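This report looks at the surroundings of a ligand and then at some aromatic pairs.

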Amino acid sequence: MSIRLPFFNKKQKKTEEIKPDNIPEHIAIIMDGNGRWASRKGLPRIAGHKEGMDVVQRIVRAAVNYKVKVLTLYAFSTENWKRPKPEVDFLMKLPKEFLHIYLPELMENNVKIETIGEFSSLPEHTRKAINYAKEKTKYNDGLLLNFALNYGSRYEIIQAMKQIVSDVDEGKLKKESIDEDLLSNYLYTKELQDPDLLIRTSGEQRLSNFLLWQLAYSEFWFTDTLWPDFNEEIFKQAICDYQNRKRRYGGI
Ligand code: V0D
């Protein structure tokens with residue numbers, strides 16, 4: 001005997017609409033799976049990074065349309081220096097290439113570019129391209145497009161601790177005033193609200209040293225889709241799921 005399920009219980013993709021209120025204000029994304037995408041297609045890893053770069057702009061456009069306030073993208077970790085030198089060299093050229101293609105559109109869309117991470121150890125040509133874009137977009141007050149470059153969360157926390165200790169030593173700060181807010185103000189993200197939603201692509205369900213402190217209360221959303229195959233529809237699904245989770249535990 002079988003019971004007929006109402007049609008809406010069938011496992012079909014329901015095209016839910018996003019409610020314009022309760023959009024996650026800060027979305028962080030670990031853009032994983034570029035190398036694997038390329039290998040599967042028999043292409044060199046760098047082909048995956050290149051494809052992934054174009055996906056970045058498509059998701060930026062979507063974020064602008066949804067009026068997301070901050071989009072933080074994990075583009076290069078402190079661990080990524082261990083990759084083969086030709087791959088690292090290629091990656092370090094991507095910011096310039098990205099900005100060459102997309103900066104005019106980012107300006108039109110009122111997008112502001114920022115970075116978090118150890119910026120000073122990036123190659124000079126990379127820093128130059130990014131600094132130009134930061135300067136050019138500094139008065140834009142739409143989406144804040146925040147690239148995590150040469151970023152590692154434990155390192156960030158250690159740097160904050162060292163700075164706090166030296167401020168205490170110098171008498172600028174009392175040990176008693178060290179609290180969560182104070183530590184937050186010593187991190188790269190001091191100007192930013194914590195992410196509401198973390199997305200990680202390509203089936204990995206780890207934080208990999210990304211925003212350990214800042215993600216303490218965030219919703220996590222994972223997909224098996226590799227970053228070069230990520231698109232507006234999947235992005236929308238992540239936001240929808242976020243809204244449904246909020247609705248469910250907001251309703252108790
Ligand atoms: C490769 C997938 C855009 C992840 C996306 C230096 C890995 C494409 C930028 C970018 C990378 C960074 C700063 C900026 C403008 C653009 C980028 C890197 C890697 C690492 F101001 N994509 N992208 N940077 N990939």
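A residue is near a molecule if one of its heavy atoms lies within 4 Å of it. By that rule 18 residues surround the ligand, and the closest are Met53, Leu91, Leu94, Phe98 and Phe147. Taken alone, the ligand exposes 530 Å², of which the protein buries 98% (accessible areas come from the Shrake-Rupley method with a 1.4 Å probe).

This is a predicted model, in which local features need pLDDT of at least 70 and side-chain atom pairs count only at pLDDT 80 or more, while totals for chains, interfaces and linings use all residues. Residues are numbered from 1 along each chain as its sequence is written, and side-chain values use heavy atoms, with hydrogens and water left out.

Among the elements that give two or more residues to the shell around the ligand are helix H2 (45-65) and strand E2 (70-77), whereas H3 gives the most, with five residues. Helices (H or I, at least four residues) and strands (E, at least two) are DSSP runs, numbered from the N terminus.

The structure also holds eleven aromatic pairs, where rings of Phe, Tyr and Trp (its six-membered ring) pair if their centres lie within 6.5 Å, and planes under 30 degrees apart count as stacked, over 60 as edge-to-face and the rest as tilted. Two of them are set out here.

| Pair | Centres apart | Planes | Type |
|---|---|---|---|
| Tyr74 and Tyr151 | 5.8 Å | 80° | edge-to-face |
| Phe98 and Phe147 | 5.9 Å | 80° | edge-to-face |

Because Phe98 lies in helix H3 and Phe147 in strand E4, their pair ties together parts that are 49 residues apart in sequence.
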